[in-house]
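Here's a quick tour for anyone meeting this structure for the first time. Have a look at the sequence and the 3D view, then read on.

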Amino acid sequence: MAKQNLRVVQIAGFLGSGKTTLLLQLSRRLSEERGLKIAMVVNEIGEIPVDGKVMEESGMKVKDIGGGCICCEVATAFAKSIADLARTFSPDLVLVEPTGVAIPRQVKAAAAMSGRTVTIEAGPVIVLFDSTRPEELLDPELMGRLVTAQLSDADIVAVSKADAVNEAQLEFARAAAREVIPTAEFIAVSATTGRGVDQLLERIAPGTEAGGDAANRGGIDPDSATRQGGE
Amino acid sequence: MPEEENLLDDACYLDHGVSGYGVAVKLHAEKPLPPEEIAGLLREMMDEIARDCVARGARFVGHIKSHLVCSQGTLKADTIGVKHPAASHGELRGPAKDLYVAINSIVQGISEEEVKQATLAAAHSLAERHRLRVVKEREHLYFDEYDFASDEEHIAQLQAQFENEPEQEDPQR
């Protein structure tokens, strides 16, 4: 039997950077406006998932993994979840929200472990960087080492909470992150105002359009993804 | 950079001294509390946990967040540190007596036991200040914010999960 292709996009970033709020908005818009069948995998420290607690709404499916971090402690459970989602739900796209302390490259490696039954097409790694506390986040005496490691894996740095700071503060945060990963695309994002969300949608699901039905157009076209330089 | 430092760059939260604690509590008020008071107590709770964690030696507040469900809807509140006042989201349709609150506290620099004590102390002190009683508490209760079921169905699911937990004594009796 042929392996199933599955596009997996990671929405990573440190604790409190706004991942969940953004993920909810992205998934709803991908489903409602672009007709995509979305599955979400969410991982959080400090909670244990309850089997079978998978919620569906408007074609979205959520798998919550607890008991540790999917980039290390429960990597196998994560890989199995990806494979199970492909088999039972056949989504166009899987959005993954790792814990705020996960290392994106390790999450990517864990997802690849499901490759025995599924061909994983790794979409862009989007790392959120909280514009309200850039100095705190990058302080090497605090969590700077971890945040730097997260940013280093980004294809796209989403400078988040753009509505909560002024343009100078936003630029400061962007410059601080750019020092860590100058090759990434930078997009200022606010899940509250919707700023930057259209750009992210285009990177996540290239070749699909608002008002469209991805299934009738052959789904997501990864070749149409182009770097547009962000803001 | 020495090899061991490179290894730390790939290390996960345990190696960075991050501790997380999650708990769910069922609170009960004799008289229904107005929506603005419920939202206020949730924000106060987040701020108090953050302050207490820092007082106990936490070097960094990662994320302290909560999710409240009651017959009048759901609310969320969170904070990312003592310099960042807690914010709440959502709206309740009216006053409520029974509140199901999930709290998840993640900080760096203190043990999980210390995070637990700070979290539970804030939950109990805020309940008392707002004339609520902690009826039940349970670690790792599952609150699913993606649950699109009705509030009634959601509460029934939560009650089922609390079923085996002993009811806490009412200090007023």
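## The nonpolar core

In this predicted model, the largest nonpolar core takes in 120 residues. Which of them touch the most other members? That would be Ile82(A), Val94(A), Leu95(A), Val157(A), Val159(A) and Ile38(B). As for where the core's residues come from, helix α2 of chain B (residues 35-55) gives the largest share, with 9 residues. In soluble globular proteins, nonpolar side chains tend to be buried together.

Let's zoom in on Val94(A). Setting aside neighbours within four places in sequence, Val94(A) is in contact with Leu6(A), Val8(A), Ala39(A), Val41(A), Ile82(A) and Leu85(A). One of those partners, Ile82(A), is also among the residues that touch the most other core members.

## Chain A as a whole

Chain A has 7 helices and 8 strands. Its length is 231 residues, and 54% of them count as buried. If you take the contacts in chain A between residues at least 6 apart in sequence, 74% link residues at least 24 apart.

## Where two helices cross

Now for a pair of helices in chain A: α1 (residues 19-34) packs with α7 (residues 197-204) at an angle of about 65°, and their axes are 11 Å apart. That angle makes α1(A) roughly perpendicular to α7(A). The crossing itself is right-handed.

Who meets whom here? On the α1(A) side you'll find Gln25(A), Leu26(A), Arg29(A) and Leu30(A), and they meet Val197(A), Leu200(A), Leu201(A) and Ile204(A) of α7(A). Sorted by type, the residues of this contact are 6 nonpolar, 1 polar and 1 charged.

Terms used
Residues numbered from 1 in each chain as written. Chains lettered and ligands numbered in written order. Predicted model: local features only at pLDDT ≥ 70, side-chain atom pairs only at ≥ 80, totals over all residues. Axes fitted to C-alpha atoms, helices over the stretch in contact; angles between N-to-C directions. Helix = DSSP H or I, 4+ residues; strand = E, 2+ residues; numbered from the N terminus. Parallel < 35°, antiparallel > 145°, perpendicular 65-115°, else oblique. Left-handed = near helix turned anticlockwise from the far one by under 90°. Contact = placed C-beta atoms within 7 Å. Nonpolar A, V, L, I, M, F, W, Y, C, P; charged D, E, K, R; others polar. Core = buried A, V, L, I, M, F, W, Y, C linked by C-beta atoms within 7 Å. Buried ≥ 20, exposed ≤ 12 C-beta atoms within 10 Å, placed from the backbone.
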